[in-house]
Amino acid sequence: MSRRLVLTLAVSVVVVAGLVPVLVMVGQSLAAEFHTGFAYYRGLLASGRAWTLAGHSLALSSITTLLTVGIGTPLGILLGKSDLPLRRSLLLLFAIPMAIPPYVLAVSWFNILGRGGTLAHWLGPALASHSSDWLFGLGGCVLVLATTFLPIVVLITVAQLSSIGPSYEEAARLTSGWTSTLWHVTLPLIAPGISLAAVVVFLLSLGEFGVPIFLRFDVFPVESFAQFSAFYNFGAATAAALPLGLVTFLLLFLEALFLRSRSYALRRGPDAQTMVIALKSRRTLLLVVLGIIALVLVVLPLGVLIVRSSTAGAFHEAIARGGASLVRSMAYAAAGATGLLLIGFLCGYLIQTRALPLWRKLDFLTVFLFTLPGPVIAIGLISLWNRSVTSFVYATPAIIILGYLAQYTALSSRMCASALEHVPPSMEEAAQVAGVHWGRRLVGIVVPLVRKGLVAAWIVGYVFCLRDTGMTMLVYPPGHDTLPVRTFTLMANGTPELIAALCILMVAAALLPLVILATTLRPTARMA
Amino acid sequence: MKLIEFQSVSKSYNGRLAVEDFSLSVEPGERIVILGPSGCGKTTVLRLLAGFITPDTGSISIGNELVARDGQNLRQPEERDLGMVFQDLALWPHLSVKGNLEFGLRARKLSASDRKQRIHEILRLVEMTEYLKARPTELSGGQQQRVALARALVLQPKALLMDEPLSNLDEELNRRLRKEILRLHQALGFTLLFVTHDREESAELGTRVVFMRSGRIERIESQPSPTAVVGPN
């Protein structure tokens, strides 16, 4: 098959998995609304509740974004550019929350700050009553989501820093100290990347529903989820989902319009090494500060879960009630990650080599689908595939895998494109002039050169498929629930020990490949 | 009087010696060309002098002040009063030509009028006054070279370090810029350390040529002053 055909097929998969369902959902909703005089939309706009939901959603997303960018950027600089001891371990530690469903952290914090939690046990019920009131609301949601999405900003900052040719900073260091260099040279150069991270965090916070449901904070995705799953009111669910889709589209459109044009092509030789900030006497102090932050945001919540789950029989019951779901989760995540790697690699290749004119639109589409709330993707999938002729998809795990492809292709395609960026075009061209066919060039030359990046992309795809709740919750066929879904449904009647044990199983399943990822990617650095 | 002095400097990366027992004295106003094949350690010498890396052993002095010794940088890069033109030029793409030139002057806390005067003077010297507000990406390769030179020279550094700045240019532009460097040297009298692998460049630009191989100085040759070659472009 020709290069053009294969790449077109890959794009078609993304379009069929993600774009068509969303368009069908919008089309069905507007058609139905047209006959009723847009009753749901008018009802939504006229009700005070809609504006309350909008206010809550915007407050949650804005504060979470400000916090993650405000903390994540300096954290990324410290972990990616300084001689801070244990920075790789700290980076891994801060990345853990991204590998688990956000509501797991909400459960942990409930075990700490709730009325029957650790704080109540140590400091008495009066203080725990206040902390519980704070947790069940905007404050608790911000705490959990900021912890969950902090790694996005940190990892993007680290990746952006490593892409800057060292001479840009060296030229500044000839006249200025690190503070001025970071402020006037480094940060402006990575600003487009940080801005994209901010947009992604804002949209993911806007679309998150598991944490607000658990912490009883009404936001738009909760409304959409409740209308669909509790009342099966498709009209009301899509009416609540469409504003989210619209905001996602608009924000990404603005990001593409204003920020991408400001991205800089930063030259970096294959042997170039990142300039490292020597912290000198501040090393110990900063290590202690970062250690405390990691302790509070990551170690404490996970530690509490471990302690809570370490009762006789908790894991036994967890395996009995969630073991099958765990196995299914891992199998679906592995299948999803493999599909994501295949489609993501081809899309990444297309984006990197600009092999088809629609590469920019494809990149936009994948990021749009990634930031679209899971329930919105799910309602789209149901709108398209819930028909008797397509039951071979809708009534089988294929619908979950399609959902993964729709939601997470951006991750694998961006990671593959980033890996391909380091392969000089001449590598493939040398094989081309030798008469080697494109497919063979791809498999024999390009893939081996980027194999580490592909391994990393598979692992990240696996982790995100494994933790998915928002989309899977609505589309899973009977008897095919995943562990995050099972845990979420058991929260209503399971004991805290059982829920904690299920959460720990999920963390273990997610962390296994993350540890492999950490050992796969080893950056080099030098002192200045 | 010595402006720059390397004394028995060695530097290794991952157990491989990049520079070994390197000793060199540079007089003010000299034009030193460090010539050698790829990987011989010539760029490492410049980076040691700039303070981006630290010598494992030996010492480096600038203007009679010890700036690095035996694994220690005693003076940070910004405290060494040097200018540098990088191989990839490293013009900051988010700043205009003026912004690129002004960054270092601001760091040295020059008044706005002094900054303006210095920028105007140096841009006049490199014949780029009309590009004050242009972004580096809007300039041609030759114009970018001139801005990189201006950015280094506007600081009136003790010495100008140039790391193969002409290596990516076509022959005609390369020749023109060599004349330009000599003209600027005649006008400003700066001390030059120029790294290259090109014998023609070394013959034209250096008053002394340091031949390097495998991290060591092979020999040093003095050349008759080539200022006679400076003529109209």
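Chain B carries 32 positive and 30 negative side chains, and the centres of the two sets lie 4 Å apart; Lys and Arg count here as positive and Asp and Glu as negative, whereas His and the chain ends are not counted, and the place of a charge is taken as NZ of Lys, CZ of Arg, CG of Asp or CD of Glu. The model is predicted, so that local features need pLDDT of at least 70 and side-chain atom pairs count only at pLDDT 80 or more, while totals for chains, interfaces and linings use all residues. Residues are numbered from 1 along each chain as its sequence is written, chains are lettered from A and ligands numbered from 1 in the order in which they are written, and side-chain values use heavy atoms, with hydrogens and water left out.

Chain B contains six helices and 11 strands, defined as DSSP runs numbered from the N terminus (helices, H or I, at least four residues; strands, E, at least two). Its C-alpha atoms fill a box of roughly 45 × 40 × 35 Å along the principal axes. The radius of gyration of chain B is 17 Å, which agrees with the value near 17 Å for a compact globule of 233 residues, the radius being taken over C-alpha atoms and the globule rule being 2.2 Å times the number of residues to the power 0.38. Of the 233 residues of chain B, 56% are buried (under 20% relative accessible area, with a 1.4 Å probe and protein chains only). Among contacts in chain B with a separation of 6 or more, 65% join residues 24 or more positions apart, a contact meaning heavy atoms within 4.5 Å.

The largest nonpolar core comprises 214 residues, and those with the most contacts inside it are Leu79(A), Phe345(A), Phe6(B), Leu49(B) and Leu193(B); such a core is a set of buried Ala, Val, Leu, Ile, Met, Phe, Trp, Tyr and Cys residues joined through side-chain atoms within 4.5 Å. With residues up to four places away in sequence not counted, Phe6(B) touches Phe22(B), Ser23(B), Leu24(B), Val45(B), Leu49(B), Ser59(B) and Ile60(B).

Ile122(B), found in helix H3 (residues 112-125) of chain B, is buried, with a relative accessible area of 5%. Beyond residues up to four places away in sequence, Ile122(B) touches Leu101(B), Ala150(B), Leu153(B), Val154(B) and Leu188(B).

Terms used
Buried < 20%, exposed > 50% of the residue type's maximum accessible area, 1.4 Å probe, protein only.
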